[in-house]
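Thanks for coming. I will take the second chain, then the other chain, then what lies between them. Please keep the model on screen while I talk.

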Amino acid sequence: MERRNEILKAITDRPGTTFRELARELGLGIGDLQYHLRKLEKEGKVFSRKIGRRRYLFPKGFEETAQRLLIAISTETRRRILLLLIERPKNQKEIAKSLGLSQPTVSYHMDELLKLGVVTAEKESRSVVYTLSHDPELIARLIKDYRPSLWEKLADNLIDLLTSVGDGE
Amino acid sequence: METLLALLALILALALAGISFIAYRKSHLRPALYLVIAFLLLAIKKTIETAKLAAWIERDVELAVDILEVIVLALLVLSLWRR
């Protein structure tokens with residue numbers, strides 16, 4: 001029981017930690033950790049979401065945030081944009097220049113991030129400045145552990161290709 | 001050799017359809033959906049073309065293949081044109 005509380009505390013302190021990281025951090029065996037997590041999930045104290053090749057663990061009450069953040073980090077360009085915004089708020093032009101992307105591609109991804117509520121937009125003189133609306137540490141942790149499959153990487157490139165052609169802005 | 005190349009084209013078309021489908025699921029971009037349809041049609045076209053080796057369906061196959069070719073090309077144009 002003490003061990004289970006220890007696991008629950010680790011997940012509560014670091015929402016979005018991965019199974020692998022938690023096992024390493026607490027020095028637990030895979031089977032042992034799996035058993036306790038199953039119990040905690042059954043009790044509704046924690047929940048997990050698999051995205052890419054990793055399973056992320058969250059404490060109860062984090063459902064909506066987890067859903068939004070995991071969708072937000074599911075494409076490579078959005079991960080790069082979020083990492084850039086962790087440093088400081090930026091406008092679309094700065095983001096496009098820093099990442100070597102076309103304006104329409106950045107515009108598409110910023111719209112998606114806005115819809116997900118992961119960033120907020122504020123008009124400053126003639127440009128719109130984007131700021132993260134979630135804990136940067138949590139976002140950085142999720143991105144650090146994200147491992148996309150090869151198919152996902154190819155699909156991400158296709159999304160960028162499709163968003164960079166056409167009418168743009 | 002001909003069959004091998006046809007098989008390779010078929011595998012590539014299916015892989016591209018899969019990639020386009022993942023892209024569509026992630027982004028809900030309509031052009032990605034057009035690409036899924038286009039690559040699936042291309043796979044069907046290739047299958048029919050390979051089946052052409054059986055000479056008895058040759059005439060019907062020509063027509064089906066030509067129609068599919070036009071649809072595939074139109075979908076590719078559509079996917080680039082309409083964002």
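In chain B, what share of the contacts with a separation of 6 or more comes from residues 24 or more positions apart? The figure is 60%, where two residues are in contact if their C-beta atoms, placed from the backbone, lie within 7 Å.

Before going on, some conventions. This is a predicted model, in which local features need pLDDT of at least 70 and side-chain atom pairs count only at pLDDT 80 or more, while totals for chains, interfaces and linings use all residues. Residues are numbered from 1 along each chain as its sequence is written, and chains are lettered from A and ligands numbered from 1 in the order in which they are written.

The model scores ipTM 0.72 and pTM 0.75. As for pLDDT, the predictor's confidence in each residue, from 0 to 100, chain A averages 88, and 98% of its residues score at least 70. Chain B has a mean of 81, with 84% of residues at 70 or more.

Now chain B itself. It has three helices and zero strands; helices (H or I, at least four residues) and strands (E, at least two) are DSSP runs, numbered from the N terminus. Confidence in chain B is highest in helix H1, residues 2-27, at 89, and lowest in helix H3, residues 58-81, at a mean of 75. Of the 83 residues of chain B, 27% count as buried, meaning that 20 or more other C-beta atoms lie within 10 Å of the residue's own; 12 or fewer is exposed, and in between is partly exposed, with C-beta atoms placed from the backbone.

One backbone detail here: B:His28, in the loop between H1 and helix H2 (30-51) of chain B, has a positive phi near 55°. B:His28 is exposed, with 10 other C-beta atoms within 10 Å. A:Ser125 sits in the loop between strands S5 (119-124) and S6 (127-132) of chain A, and counts as exposed, with 6 C-beta neighbours inside 10 Å.

Staying with chain A, three strands form an open antiparallel sheet in the order S1-S3-S2; strands pair if DSSP finds at least two bridges between them. S1 (17-18) and S2 (46-51) of chain A are at the edges, each with a single partner strand, so one side of each has no neighbour in the sheet. Six bridges join S2(A) to S3(A), residues 54-59, and A:Val46 stands opposite A:Pro59 in S3(A).

What holds the middle? The largest nonpolar core has 26 residues, of which A:Val46, A:Phe58, A:Leu69, A:Ala72 and A:Leu82 touch the most other members. A nonpolar core is a set of buried Ala, Val, Leu, Ile, Met, Phe, Trp, Tyr and Cys residues joined through C-beta atoms within 7 Å. Apart from this core lies another, of 20 residues, among them A:Ile159, B:Leu35, B:Val36 and B:Val72.

Finally, the interface. 12 residues of chain A are in contact with 12 residues of chain B. The chain A side divides into seven nonpolar, three polar and two charged, taking Ala, Val, Leu, Ile, Met, Phe, Trp, Tyr, Cys and Pro as nonpolar, Asp, Glu, Lys and Arg as charged, and the others, Gly among them, as polar.
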